[in-house]
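This report describes the architecture of the structure shown below, chain by chain and then where the chains meet.

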Amino acid sequence: MKGKRFLLSNQFEKLFKESFDKFFDGLHRYAFTLLKDSDKASDAVQSIFTKWWEMQTQLENQDAAKAYLYTAIYRHCLNVIRHEKIKSVHSESYTREHSVHPNVFINPGSYEELDHQVQSAIESLPSQCQLIFKKSRLEEKRYVEIAEEMNLSIKTIESQMGKALKILRKKLQDYI
Amino acid sequence: MSKENLLDETLISKFIAGEATPEEAILVNDWIAASEENKIYFTQLEQAWTFDKKSSGSSLKKEMIWSALEQTINKTQGSKKELSISPYRIAAAILLLIGFSAAFYFFNSSKQSPSTIVWETRQTSNEVAELNLPDGSAVKINRKSVIKWQRKFDGRDREILLEGEAYFDVAHDPGKPFVVSTQEVKIKVLGTAFNILDNKEQKEIETIVTRGKVLMYTRDRQIVIEAGMKGTYHKQTKELTLTKMKNSNSIAYATHSLSFSESTLKDVTDQLSRAYGVQFIFENKKIQDCRLTTECQNKSLAFIMDVISESLNLTYTIKNNTVYISGDGCI
């Protein structure tokens with residue numbers, strides 16, 4: 001039914017362009033949180049829009065496009081992460097050279113290398129809160145894993161992480 | 001963070017930590033976009049996570065990615081043009097007079113695309129559908145077709161996009177031209193009825209007029225087609241030509257009006273097949289050459305088959321959209 005599409009491509013194209021304009025920042029931001037890398041986040045956004053264009057998936061309006069794009073970027077990023085994991089299993093050296101978080105983050109593995117200010121800010125967190133934050137931020141563990149390890153509910157992890165960032169924001173505000 | 005806002009650090013932190021579901025990510029991003037204050041607060045929380053001034057935002061990247069996407073878009077649009085050799089056949093049935101001067105206004109007006117316009121869609125699979133447009137115009141949509149129209153017709157034109165075939169009975173409104181767009185040719189009328197048909201087997205676009213007049217035009221060419229005439233747009237040469245029509249059987253799906261004069265049974269069943277959405281199976285293929293002269297207005301398929309069977313001495317059965325014809329007929 002290729003023919004069916006191109007006649008109606010005016011609106012498709014319009015929605016496509018408008019959605020890119022409107023949702024790029026949010027999608028990039030979301031992809032960044034999942035992939036922890038700005039370039040990879042860009043690649044992810046480009047690739048879901050390319051796919052949308054190629055599939056010519058017809059969506060009613062911007063709300064539908066938004067839901068479609070956010071789900072697409074989520075799935076895409078999870079796939080990227082899965083591939084990274086497979087790669088790292090197959091090649092340790094590859095992982096070292098192309099770490100999952102190569103440039104944007106201060107290398108999470110080396111707490112000792114963190115700036116003194118950052119270290120003391122983290123140390124100032126309440127003990128459980130601190131432990132959870134370190135596991136998430138430095139050991140890169142998922143909320144589920146942390147909850148399991150510590151025998152806590154995911155809700156607790158969520159709220160402790162919220163607390164941690166709230167405190168750190170205040171402590172590091174002038175410094176960062 | 002503004003007080004009236006329901007988002008708290010828990011959800012934002014969850015997002016920053018890469019734990020948000022798509023729905024949660026939408027909530028957070030909508031909240032960020034809601035005010036500059038929110039954005040600053042988010043950036044600070046994000047920095048408390050990255051221990052760094054670097055932020056996830058990047059307007060430069062947006063431009064880069066858009067230009068990369070534009071290449072994809074242009075590439076596929078290029079190939080679409082190749083594909084569009086698939087033909088359109090546009091038939092206009094009943095039309096009122098259109099002034100020549102109007103033609104120059106058409107192209108400009110059809111360019112508008114106000115962002116506020118809401119488009120409605122109707123698509124058919126194996127049925128002929130009828131619907132009323134917001135201006136009181138009526139449409140019959142043939143099988144495997146799709147039309148889109150503005151919900152309230154609040155643009156400068158009453159603009160319709162069509163892929164497939166549809167019969168329009170257009171309400172008179174000289175102030176708001178009625179435009180049906182196909183890929184390369186447009187049909188514009190000021191209150192009339194006409195039929196547009198997309199015939200995939202043909203490499204041209206045809207407009208058949210049975211009453212009144214219609215203007216068929218491209219960017220730099222135009223023809224006025226009068227009743228009983230057919231206008232043809234040739235995709236390869238991009239020329240428009242006029243020929244005389246023998247009958248309007250090809251739009252019988254909408255009119256159920258058919259006329260045959262010494263036509264072969266094969267021709268007759270081909271037209272019936274198109275008009276009624278059925279297929280024919282002949283027990284004896286030789287009878288397809290039998291000739292027939294008849295006329296029917298708004299009759300059921302069973303009625304027409306009765307007439308044919310009677311005149312050619314055949315028997316038929318209809319089962320699941322298939323008509324089985326047996327007998328030796330004229331042979």
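How many helices and strands does the secondary structure of chain A come to? In this predicted model, chain A comes to nine helices and zero strands.

## Chain A: overall composition

Read from the N terminus, the elements of chain A follow the order α-α-α-α-α-α-α-α-α. Chain A has 176 residues, of which 32% count as buried. Among its contacts with a separation of 6 or more, 64% are accounted for by residues 24 or more positions apart.

## Helix 7 and helix 9 of chain A

Helix 7 of chain A spans residues 127-138 and helix 9 of chain A spans residues 154-172. Their axes come within 9 Å and cross at roughly 95°. Because crossing angles of 65 to 115 degrees count as roughly perpendicular, helix 7 of chain A and helix 9 of chain A are described as roughly perpendicular to each other.

The residues that meet at this crossing can be listed from each side. Helix 7 of chain A contributes A:Gln128, A:Cys129, A:Ile132, A:Phe133 and A:Ser136. Helix 9 of chain A contributes A:Ile157, A:Gln160, A:Met161, A:Lys163 and A:Ala164.

## Chain B: overall composition and sheet

Chain B has eight helices and 20 strands. It contains 331 residues, and buried residues make up 37% of them. Of the contacts in chain B between residues at least 6 apart in sequence, 53% join residues at least 24 apart.

Seven strands of chain B form an open sheet with mixed pairing, in the order 2-5-6-8-9-12-13. Strand 2 (119-123) and strand 13 (222-226) of chain B are the edge strands, each pairing on one side only. From one strand to the next, the twist averages 20°. Within chain B, strand 9 (residues 186-189) and strand 12 (residues 213-217) pair in the antiparallel sense over three bridges. B:Lys186 has B:Tyr217 in strand 12 of chain B as its bridge partner.

## B:Gly231 in strand 14

B:Gly231 is found in strand 14 (residues 229-234) of chain B. Is B:Gly231 buried or exposed? It has 27 other C-beta atoms within 10 Å and is therefore buried, the cut-off for burial being 20 or more.

Leaving aside residues up to four places away in sequence, B:Gly231 touches B:Glu206, B:Thr207, B:Met216, B:Ile223, B:Ile225, B:Leu240 and B:Leu242. B:Leu215 lies 16 residues from B:Gly231 along the chain, and their C-alpha atoms are separated by 9.3 Å.

## Helix 7 of chain B

Helix 7 of chain B (residues 265-276) has 12 residues. From its first C-alpha to its last it reaches 16 Å, close to the 16 Å expected at 1.5 Å a residue. The buried residues in helix 7 of chain B are B:Leu265, B:Val268, B:Thr269, B:Leu272, B:Ala275 and B:Tyr276. These residues lie on the same side of helix 7 of chain B because they cover an arc of only 125° around the axis.

The buried residues of helix 7 of chain B pack against helix 6 (252-255), strand 16 (257-264), strand 17 (279-282), strand 18 (291-297) and helix 8 (301-312) of chain B. Just after helix 7 of chain B, B:Gly277 takes a positive phi of about 65°.

## Positive phi in loops of chain B

B:Lys144 is a residue other than glycine with a positive phi, near 50°. It lies in the loop between strand 4 (138-141) and strand 5 (146-150) of chain B. With 18 other C-beta atoms within 10 Å, B:Lys144 is partly exposed.

B:Asn313, also a residue other than glycine, has a positive phi near 60°. B:Asn313 lies in the loop between helix 8 and strand 19 (315-319) of chain B. It has 13 C-beta neighbours inside 10 Å and so counts as partly exposed.

Notes: Residues numbered from 1 in each chain as written. Chains lettered and ligands numbered in written order. Predicted model: local features only at pLDDT ≥ 70, side-chain atom pairs only at ≥ 80, totals over all residues. Helix = DSSP H or I, 4+ residues; strand = E, 2+ residues; numbered from the N terminus. Buried ≥ 20, exposed ≤ 12 C-beta atoms within 10 Å, placed from the backbone. Contact = placed C-beta atoms within 7 Å. Pairing = 2+ DSSP bridges. Axes fitted to C-alpha atoms, helices over the stretch in contact; angles between N-to-C directions. Expected span 1.5 Å × (residues − 1). Arc of directions from axis to C-beta. Parallel < 35°, antiparallel > 145°, perpendicular 65-115°, else oblique.
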